[in-house]
Structures are given as structure tokens and as C-alpha cells.
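Dear colleague,

Please find below the structure that I am handing over to you. My findings follow it.

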Amino acid sequence: MSDSSEDKAIIRAKYFIAQNVHLLLNYTYDFDVHPDNDKNHLLIILHVGF
């Protein structure tokens, strides 16, 4: 039987560069990660709308 609990933290920031243009940064930190098995993720999204 495996342990299904996950301890994670998510930090998110959104910056509006101009009207209908924003930058989104999303960082996920896994507290249960081992140094040889890095599962932390950084996601960067630039969204432009017309």
C-alpha cells in the first residue's frame, strides 16, 4: 500500500504588463521530495489577448 498524501506549496504571481497582456509565474514546491528526485516545477506563461 502506498502513501497517497502529498505535501506541496504553490506560489503564484500575476503581473499585468499592459492592457490584455499579463505574465503568470507559478512555482510548485514538494516538501516530500528527495534531493536526487527533484519534483519542484516553475511554470511561466505570457498571455496576450486581442
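What percentage of the 50 residues in the protein do buried residues make up? The figure is 12%. Please note that this is a predicted model.

As to the fold, the secondary structure comprises three strands and zero helices. Read from the N terminus, the order of the elements is β-β-β. Among the contacts in the protein with a separation of 6 or more, 20% are between residues 24 or more positions apart.

A nonpolar patch is found on the surface, formed by Ile 11, Leu 25, Tyr 27, Tyr 29, Phe 31, Leu 42 and Ile 44. Together, these residues have about 700 Å² of accessible area. Two or more residues of the nonpolar patch are given by each of strand S2 (21-30) and strand S3 (41-48). S2 provides the largest share, with three residues.

One member of the patch deserves a separate remark. Ile 44 is part of the nonpolar patch and lies in strand S3. Is Ile 44 buried or exposed? Its relative accessible area is 53%, and the threshold for an exposed residue is over 50%; Ile 44 is therefore classed as exposed.

With kind regards

Definitions and conventions:
Residues are numbered from 1 along each chain as its sequence is written. This is a predicted model: local features need pLDDT of at least 70, side-chain atom pairs count only at pLDDT 80 or more; totals for chains, interfaces and linings use all residues. Side-chain values use heavy atoms; hydrogens and water are left out. Patches are made of residues with over 30% relative accessible area and no salt bridge: like charges are joined within 9 Å, nonpolar side chains (Val, Leu, Ile, Met, Phe, Trp, Tyr) within 5 Å. Accessible areas come from the Shrake-Rupley method with a 1.4 Å probe; for residues, only the protein chains shown count as cover. A salt bridge is a side-chain nitrogen of Lys or Arg within 4 Å of a carboxyl oxygen of Asp or Glu. Helices (H or I, at least four residues) and strands (E, at least two) are DSSP runs, numbered from the N terminus. Buried means under 20% relative accessible area, exposed over 50%, partly exposed in between (1.4 Å probe, protein chains only). Contact means heavy atoms within 4.5 Å.
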